[in-house]
Amino acid sequence: MPTPLLTADDLGSLLIFEKLCDDWVREVHRFNSQRKKRMNFVIFRSCENKKITSLEELKELLEDTSFLETAELKSAFSHDIVSNKVGANKIARKAAKAWMAESSGRKVGSEPKVVKATIKEVPLLKEASPVKEAVPVEEAAPVEVASPVEEAAPVVEVAPVVEASPLEEENKVEESFTIIEATSVEDLP
């Protein structure tokens, strides 16, 4: 199995993945170290896994660079990247995996599968039952409205509730212990 163009570490630090032309892509990565965590770096990569770090080097290798002058390259400091780095990484990884599959010659899984449909002929019934006429439905007697319900007599309290008196505390029993001095183990003969 050939080695993948992007390793797992590359995919983990990827913020932006842009396809420049058929053979070249632009990748923006973030540093994983604490000291450089707010910094990023750019790599231009070909489908043969040739890496270039500057735009000038890429212009020297390409014959037609007119598309680079009109292309808008997204910055890692743009608002949608800075506000959602995890989401940006997820989108970039998905685009990178699709480009790797496309450049290696495999089919990308986004094409719908075509299923052949078969049509079967169903024989018709020779005798069809005739349609009967609709019979009108007679209405039943109207429903009478029920008489209103009378309310029950109000509840009257018989005797007011008296609060219970608090319990008196019984005499507390104090336990006392006498401590007898014990001799230490060293003093014993």
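Analyst: Let's start with Glu 18, which counts as buried because its relative accessibility is 16%, under the 20% cut-off. Keep in mind that this is a predicted model.

User: Where is Glu 18 found?
Analyst: Glu 18 is in strand 1.

User: What does the side chain of Glu 18 reach?
Analyst: It reaches the backbone nitrogen of Lys 74, at 3.2 Å.

User: And which residues does Glu 18 touch, leaving out those up to four places away in sequence?
Analyst: Val 25, Arg 26, Glu 72, Leu 73 and Lys 74.

User: New topic. How many residues has the largest nonpolar core?
Analyst: The count is 10. Among them are Leu 5, Val 25, Trp 99 and Met 100. Strand 1 (14–19) and helix 5 (85–103) each supply at least two residues of this core. The largest share, 4 residues, comes from helix 5.

User: What about another core?
Analyst: Apart from that one lies a core of 7 residues, including Leu 20, Phe 44, Leu 58 and Leu 62.

User: Now Arg 93. Where does it sit?
Analyst: Arg 93 is in helix 5. Not counting residues up to four places away in sequence, Arg 93 touches Leu 11 and Leu 14.

User: How far is Arg 93 from Asp 10?
Analyst: Their C-alpha atoms are separated by 9.3 Å, while the two residues are 83 apart along the chain.

How values were computed:
Residues numbered from 1 in each chain as written. Predicted model: local features only at pLDDT ≥ 70, side-chain atom pairs only at ≥ 80, totals over all residues. Heavy atoms only, no water. Core = buried A, V, L, I, M, F, W, Y, C linked by side-chain atoms within 4.5 Å. Buried < 20%, exposed > 50% of the residue type's maximum accessible area, 1.4 Å probe, protein only. Contact = heavy atoms within 4.5 Å. Polar contact = N/O pair within 3.5 Å; in protein donor to acceptor, adjacent residues only side chain to side chain.
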